[in-house]
Amino acid sequence: MRRTKQKEAILEVLRGTTSHPTADWVYNEVRKDIPNISLGTVYRNLRLLCQSGEILELDPCGALSRFDARRDNHYHFRCEKCDRVFDVDLPVDGEIDRRAAQKTGFEVSSHWLEFRGVCRNCQES
Ligand SMILES: [Zn+2]
Ligand SMILES: [Zn+2]
């Protein structure tokens with residue numbers, strides 16, 4: 001029972017933001033509702049939500065994981081100055097999957113694309 005409530009609270013926090021937050025950020029938000037929740041519980045529930053496909057984990061090499069409640073395949077932009085992650089609303093290119101499959105003989109189900117650079121905010125400052 002309790003676990004379901006925690007999971008729901010975490011999902012709600014993620015659905016309320018487009019900032020692709022870290023587990024720490026989610027933890028701090030969920031704590032406003034459930035003050036006695038532990039960071040370990042947040043991590044465990046984030047894993048479970050990823051496994052069940054309810055959220056996406058953005059997994060860049062070495063950096064902290066980010067989480068996203070938006071489940072359709074979409075592209076991201078990561079700012080190299082402030083490390084914020086944004087959604088990029090370009091249509092997902094199914095042609096790349098087809099070409100990769102042709103080239104390798106593998107069955108390609110999706111691809112991951114992250115743009116890098118400097119966001120508008122950081123360009124201005
Ligand atoms: Zn930036
Ligand atoms: Zn996203």
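Me: What distance separates the centres of domain 1 and domain 2, taken over C-alpha atoms?

Reply: This is a predicted model, where local features need pLDDT of at least 70, side-chain atom pairs count only at pLDDT 80 or more, and totals for chains, interfaces and linings use all residues. Residues are numbered from 1 along each chain as its sequence is written, while chains are lettered from A and ligands numbered from 1 in the order in which they are written. The chain is assigned domain 1 (2-68) and domain 2 (75-124), with bounds from an automatic or database domain assignment. Taken over C-alpha atoms, their centres are separated by 22 Å.

Me: How many residues does each domain bring to the contact?

Reply: Two residues are in contact if their C-beta atoms, placed from the backbone, lie within 7 Å. By that rule, domain 1 gives five residues and domain 2 gives four residues.

Me: Is His20 buried or exposed?

Reply: Helices (H or I, at least four residues) and strands (E, at least two) are DSSP runs, numbered from the N terminus. A residue is buried if 20 or more other C-beta atoms, placed from the backbone, lie within 10 Å of its own, exposed if 12 or fewer, and partly exposed in between. His20 has 21 such atoms within 10 Å, so His20 is buried.

Me: What is the phi of Asp83?

Reply: Asp83 belongs to the loop between strand S3 (75-79) and strand S4 (85-88). Although Asp83 is not a glycine, its phi is positive, at about 65 degrees.
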